[in-house]
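This report describes selected local features of one protein chain. The sequence and the structure come first.

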Amino acid sequence: MRRCVCPGSFDPVTNGHLDVIERASRLYDEVTVGVLVNASKKGLFELDERIEMLRQVVGRLGNVQVTSFHGLLVDFCRERDIPVVVKGLRAVSDFDYELQMAQMNHRLSGLETVFVATNPEYSYLSSSLVKEVATYGGDVTGLVPDLVLQRLRARLQSGGRRS
């Protein structure tokens, strides 16, 4: 069985993330979307909300599961017998950072990283940019799944308060 992980914070999940996850699901028998728990970062959406949204938008992909992790990605992968990380690259600046992470992960545990060139339609897209544009009233329709768009608008209308 060929397994991989697509890790990230997914705060919120974007159509760029989904593109990478969908492509990974065609290449691997089992894809785990690993939602990073970062206690030092206060996101717009709680961990449980991010997991719920991800599960809903990848639900049609039968070989994709969503879970959370904290600590080192290599430990998460070792515990689940996942030998490959799939990461999307938007630009050269992503590659510089992701290459260092890939090399460190490989040194620590032999974990391989496969880089997927992002669909040009999403090459500028990030969760941070989506949140910033939406916060100032910009239209992010088509940049995130419809379900996420609704939740994002509701959260921002409530002043960013979590329920």
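## Helix H3 and its surroundings

In this predicted model, the buried residues of helix H3 pack against strands S1, S2, S3 and S4 and against helix H4. The residue ranges of these partners are listed below.

| Element packed against H3 | Residues |
|---|---|
| strand S1 | 3–8 |
| strand S2 | 30–36 |
| strand S3 | 64–69 |
| strand S4 | 84–89 |
| helix H4 | 92–109 |

H3 itself spans residues 73–80, and its buried residues are Leu73, Val74, Phe76 and Cys77. These four lie on the same side of H3 because they cover an arc of only 160 degrees around the axis. An α-helix has 3.6 residues a turn, so residues three or four places apart point the same way. Arg78 and Glu79, on the other side of H3, are exposed. Just after the helix, Asp81 has a positive phi of about 55 degrees.

Strand S4 also takes part in a right-handed β-α-β unit, together with H4 and S5. S4 and S5 (residues 112–117) run parallel and are joined by six bridges.

Thr14 counts as buried because its relative accessibility is 1%, and the cut-off is under 20%. Its side chain reaches the backbone nitrogen of Gly16 at 3.2 Å. Leaving aside residues up to four places away in sequence, Thr14 touches Leu125, Ser126, Ser127, Val130, Leu143, Val144 and Pro145.

Notes. Residues are numbered from 1 along each chain as its sequence is written. This is a predicted model: local features need pLDDT of at least 70, side-chain atom pairs count only at pLDDT 80 or more; totals for chains, interfaces and linings use all residues. Side-chain values use heavy atoms; hydrogens and water are left out. Buried means under 20% relative accessible area, exposed over 50%, partly exposed in between (1.4 Å probe, protein chains only). Helices (H or I, at least four residues) and strands (E, at least two) are DSSP runs, numbered from the N terminus. The arc is that of the directions from the helix axis to the C-beta atoms. Contact means heavy atoms within 4.5 Å. Two strands pair if DSSP finds at least two bridges between them. A crossover is right-handed if, with the strands pointing away from the viewer, the path from the first strand over the helix to the second runs clockwise. A polar contact is a pair of N or O atoms within 3.5 Å; within protein, one must be able to donate a hydrogen and the other to accept it, and residues adjacent in sequence count only if both atoms are side-chain atoms.
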